[in-house]
Amino acid sequence: MTDEGGAPGAFELMVMMRALNVESDRFAERFAARHGLHRTDLNALVVILDAARAGTPLTPGGLGAALNLSPPATTALIDRLEQAGHVERRRSATDRRKVEVTLNEQAARLARRFFAPLGRHLTEVIETFTDEERQVIGRFLDLGIKATAAARAETAS
């Protein structure tokens, strides 16, 4: 149902978000299938990429925590990604006792090339909105992410 102004109601927006998530997953799964990756592998690459983009070193423990994996499962995951040539384990530049997981440049190039059409199409859509509309969308996405994380935490017990 829409409200008086024709805007979608909460239920319709949630249905649309679910459809966007499904389409996004389908797109990401195509990349995963082409490169022999499991869904957890793909999620790990996203976590590693986001950490690199933020300039935050990522340890195996940090990766495991981000993906809710046990230490043995994290080791197996990193081994798989390393054997496939997607990531490398490197000693920290600031603390040689620590190991960090980094995305291999070849994997980054593959991802950029594959995801470029999605980025282009979404950018075209985003650019159709005014600054004020993008502020609302940004606030909605931020609060939606927080609400989803809260629901995940609530169902963890």
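**Questions on a predicted model**

There are six helices and two strands in the protein chain, and the model is a predicted one.

User: In what order do the elements of the protein chain run from the N terminus on?

Analyst: The protein chain holds six helices and two strands, and its C-alpha trace spans about 60 × 40 × 30 Å along the principal axes. Read from the N terminus on, the order of these elements is α-α-α-α-β-β-α-α.

User: Are helix H2 and helix H4 roughly parallel or roughly perpendicular to each other?

Analyst: Helix H2 covers residues 39-54 and helix H4 covers residues 71-83, and their axes come within 10 Å and cross at roughly 85°. Angles of 65 to 115 degrees count as roughly perpendicular. The two helices, H2 and H4, are therefore roughly perpendicular.

User: Which residues of H4 make the contact with H2?

Analyst: By class, this contact of H2 with H4 has four nonpolar, one polar and two charged residues. On the side of H2 the contact is made by Thr40, Asp41, Ala44 and Leu45, while on the side of H4 it is made by Leu77, Arg80 and Leu81.

User: Is Asn43 buried or partly exposed?

Analyst: Asn43 lies in helix H2, and the C-alpha atoms of Asn43 and Ala66, 23 residues apart along the chain, are separated by 9.5 Å. Buried means under 20% relative accessible area and exposed means over 50%. With a relative accessible area of 30%, Asn43 is therefore partly exposed.

User: What percentage of the residues in the protein chain is buried?

Analyst: The accessible surface of the protein chain comes to about 11,400 Å², of which 58% belongs to carbon and sulfur atoms. Of the 157 residues in the protein chain, the buried ones make up 21%.

Conventions:
Residues are numbered from 1 along each chain as its sequence is written. This is a predicted model: local features need pLDDT of at least 70, side-chain atom pairs count only at pLDDT 80 or more; totals for chains, interfaces and linings use all residues. Side-chain values use heavy atoms; hydrogens and water are left out. Axes are lines fitted to C-alpha atoms, for helices over the stretch in contact, and angles run from 0 to 180 degrees between N-to-C directions. Helices (H or I, at least four residues) and strands (E, at least two) are DSSP runs, numbered from the N terminus. Angles under 35 degrees count as roughly parallel, over 145 as roughly antiparallel, 65 to 115 as roughly perpendicular and the rest as oblique. Contact means heavy atoms within 4.5 Å. Ala, Val, Leu, Ile, Met, Phe, Trp, Tyr, Cys and Pro count as nonpolar, Asp, Glu, Lys and Arg as charged, and the others, Gly among them, as polar. Buried means under 20% relative accessible area, exposed over 50%, partly exposed in between (1.4 Å probe, protein chains only). Accessible areas come from the Shrake-Rupley method with a 1.4 Å probe; for residues, only the protein chains shown count as cover.
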